[in-house]
Amino acid sequence: MANLIFSILSEYNGKGLAKGKKDLTAFEKQTKQLGKTFAKYLGAAALVKFGKNAVMAFAADEKAAKSLELQLKNTGYAFSSPDVEYYIANLQKLYGVLDDELRPAFQTLLTASGSITKSQQALSTALNVSAATGKSVQEVSAALAKGYSGQTTALTRLGAGLSKATLASGNMDKIMAELDAKFAGQASARLDTYAGKMDQLKVATAKASETIGKGLLDALGKLSGDTTLVTLTSQIEGLAGAVAKLVSGIGRFGATLMPGNVVKVNGEWRLKSEMSKSNFTYGLGSGAGVELAKIQEKKKIKEAIALRTQENNQLKAKTAVDKLKDQFDLERIGLTAALNAATDEETKLRLRSQLAILDNNEALAKKYLAELDAAAKTKALADALAKAGLAVDAFSNFAMGAVQRGEYADAYKNISNVPTVSAGGAMQLPSAASSFAMGGVSRGEYAPVTVNVAGSVLTEQDLTNTINDTILRINKMGRGTTPAGGLSGGT
Amino acid sequence: MPVNVTGIKEMKKALGEVDKDLLKDVQAQIRVAMLPIRDKARGYAPQDSEVLSGWTKAAGITGPMKYRTFPKYNRSQVVEGIKYSAGRNKRNKGGWAATNYISNNSAPGKIYELAGRKSGPSGAPWIGLDADINNKEISHSLNPRAGAQFIAAMPPLVNARPQGMSGNNRGYKQKGRLIFRAASEEQGKAMAHILKALDDTAAKFVKRTEIRKAVNG
């Protein structure tokens, strides 16, 4: 059973399909050419004539069948149509009565009785009565149909010897029972008579005529040489069968030419369509079936591998069309142009990443992704440092600006001993730092800080002596005290 | 009503390379949208007592057989057979493949889903007991009306294809009683959810990679 799915998303890939279609078209052309060759060798005129006659016979037969089918449909028995056809075909074969007669007879009875079962019984009775009385099946059927409608006059004219009491009752069950009692087995018995044999021949001829045409049949009758009816009948049917086999054989040969239509089973090539379809998967009864199933499975696996390989190859192969498409790919052109115009490395990296995605190049995409990541981190660090620098500058400017504008004083007006601005614009530090500090301490803003200096502290005299000693030592070593690039005085 | 999207595979691959979380997000969102359809479809599977009694009985034939008997109905089997798959199925002859789909896999489930979809309410034609056993287009029952009776005992088929939708698939292939019925009722919501998920993902993708910004300068 087919896969049964409901899907929200689907995708399409028509590459493989287009190629397959192309191949099929080419193959179709080849087979048409082959068919023309066959027609030429078999004789075009003969085939046309044969075809015309056969079609005419078939059309007449089909017309009758269609009419009955419609009748069945109208009476609510459409589903029984194939069954009735089968029944009529069997009657024709069994009793040597043409379906051309049986169909209208059955149709008449069906119209009158409205029941398939009753129609079948009545037709069987009609065949027996017809065989016994010499009346045609259609005549008997028409009489029986009238009987179902309540008119028994036609039944009296059949010469069947029905009793007046039965006819007067108008009860068709009784009438049919009496007819059956009188004529049962007549139709079968008639087949042993000459007339019966003739009718059988007629049926065989008509059947063949529907297949191969009347002209061919007449020719066979003249060429036969054997005048016995049995031989002629079998020859006619044999020829029809042979022609049918020939036609079927041509079709079969054509089918074997189709790729993938044949399979090798036990060393013998067979058409797939002629192999049994239902007993491979679900438990076979014999060992041969198991072997067959194994072969099928192997073949399916092989086909699946071949298809997968084909698909992979198609994916890998970059065709000329694809390359051309790349050249006209607007997105690619835009990206390439942007890449050429880009000056900084980061933009270039991003553009290359975009191109890698477009090319579906996994390795390259990963590489660019890593580089992008590194560049982004570096940029983030540089940005952070620049921002820090800017913040320091900004604060410095703010502080100086505020002091110059006197805002500092406003902002800290509640705080004593803060720097102020003099009339010239210069910053004026608090006059008494100690009082500033003490003011802060007294307000609890600052805690007093004590600084302890470890080691010795030089006096002013000690410092002067140390400098003099050092200069003397330098002069003694012959080195100058003038810094490099400075102007020295004369000696 | 599938949305036909080209390059799903490529999109997934690109998403996977750039940001694996995004791919997982998309799949999770689609799953959230599809699971109600699956669950509803499972709910539409009738109990064993609700189908024709003969369908729940095993075939009376034992020993090796040359053909498969008609599968008997078993609700739990049907429910287990209705699944959601996030992958992609095999590409069909027309070149199409479905992704993120709900499937009805069990034999009785498929029969319940589809009975009468192709043959109509009268079932497959019955042409007698001598019919070719390999012909699956006809009824092989002893009862000529078996097909019609079987179909009449089931609820009607529901078409999951929205009314008035144009396209080639105007036939009966979207009709059913389980997954297609559930889909006809839930697919509007599911579709909206999935489209939103895809849209959000696209926005996230662009935001995270900033490729668009780089291209536009």
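A nonpolar core here is a set of buried Ala, Val, Leu, Ile, Met, Phe, Trp, Tyr and Cys residues joined through C-beta atoms within 7 Å. Buried means that 20 or more other C-beta atoms lie within 10 Å of a residue's own; exposed is 12 or fewer, partly exposed is in between, and C-beta atoms are placed from the backbone. You're looking at a predicted model: local features need pLDDT of at least 70, side-chain atom pairs count only at pLDDT 80 or more, and totals for chains, interfaces and linings use all residues. Residues are numbered from 1 along each chain as its sequence is written, while chains are lettered from A and ligands numbered from 1 in the order in which they are written.

Start with chain A as a cartoon. Chain A has 21 helices and five strands, taken as DSSP runs (helices H or I, at least four residues; strands E, at least two) numbered from the N terminus. Of its 491 residues, 16% are buried.

Now select A:Phe106, A:Leu109, A:Ala126, A:Leu127 and A:Leu144. In the largest nonpolar core, which has 32 residues, these touch the most other members. Colour α2 (44-74), α3 (81-95), α4, α5, α6 (137-148) and α9 (172-183) of chain A, the elements that each give two or more residues to this core. Which one gives the most? That's α5(A), with seven residues.

Next, zoom in on A:Phe106. Leaving out residues up to four places away in sequence, A:Phe106 touches A:Leu68, A:Ile88, A:Ser119 and A:Leu123; contact means C-beta atoms, placed from the backbone, within 7 Å.

Contact residues include A:Leu110 and A:Ser113 of α4(A) and A:Ile116 and A:Lys118 of α5(A).

For a last stop, select A:Arg350 in helix α17 (residues 345-359) of chain A. Buried or exposed? A:Arg350 counts as buried because it has 27 C-beta neighbours inside 10 Å.

Note on methods. Two residues are in contact if their C-beta atoms, placed from the backbone, lie within 7 Å.
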